[in-house]
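Have the structure open beside you as you read.

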Amino acid sequence: LDVRRMGYRPVSRLLAVASTEGLDSTRIVLAAIAAELVGIAISDEAPERDGALAAFNARRKSNNFGHYLNRAEIEATHAQRPSEALRAVPGVQVAPSRRLGNTIRFRNCRPTVWIDGIRIADAELDEVANVDDVAAVEIYNSLAGLPQQFIDRTNPCGGILVWSRNR
């Protein structure tokens, strides 16, 4: 009889059974053996899986002109729509839309919306984004501080940069 179990020393025994009459059980005791595990290193800074979020985090650390919300901060607002997550951002005016969701204005001016680096012309945030799909948002109340590649010269109102979640 060979008995093996992970974490225990295997046992091999010769078991002779002359008759099954009166035999209802056999007890086998295995000795535990300690297994030494390889150590692991833990770092508090994981590499970004998404280059866009790496750029978002870099701007968050260095650009004081923008306002930044990551996924955890968006979830903490309990927002049902992306616009609702921006209510606490200074200078942002959120009002009900006649079409879908809400409108967002900076000084009564509609900002340009960008989704994953693509400019969405003449759109409101709630029309083109779902709060569950948003990984991060950058809000720039004016062209000041807006990254060069996101400046829309036809619209001086600033911009909202939305970064989608990789699920």
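Strand β4 (residues 92-96) and strand β5 (residues 102-106) run antiparallel and are joined by five bridges. Strands here are DSSP runs of E with at least two residues, helices are runs of H or I with at least four, and both are numbered from the N terminus. Two strands pair if DSSP finds at least two bridges between them. Look for V94: its bridge partner in β5 is I104. The hairpin of β4 and β5 has five residues between the strands, and there G101 takes a positive phi near 65 degrees.

This is a predicted model, in which local features need pLDDT of at least 70, side-chain atom pairs count only at pLDDT 80 or more, and totals for chains, interfaces and linings use all residues. Residues are numbered from 1 along each chain as its sequence is written, and side-chain values use heavy atoms, leaving out hydrogens and water.

Now for the two loop residues. N63 sits in the loop between α1 (51-62) and β3 (67-70), while G145 is in the loop between β8 (134-140) and β9 (159-164). Buried means under 20% relative accessible area, exposed over 50%, and partly exposed in between (1.4 Å probe, protein chains only).

| Residue | Relative accessible area | Class |
|---|---|---|
| N63 | 12% | buried |
| G145 | 21% | partly exposed |

Which residues does N63 touch, not counting those up to four places away in sequence? They are Y68, Y140 and G145, where contact means heavy atoms within 4.5 Å. Leaving aside neighbours within four places in sequence, G145 is in contact with N63, F65 and Y140.

N63 and L146 are 83 residues apart in sequence and 8.9 Å apart in space. G145 and V17 are 128 residues apart in sequence and 85 Å apart in space.
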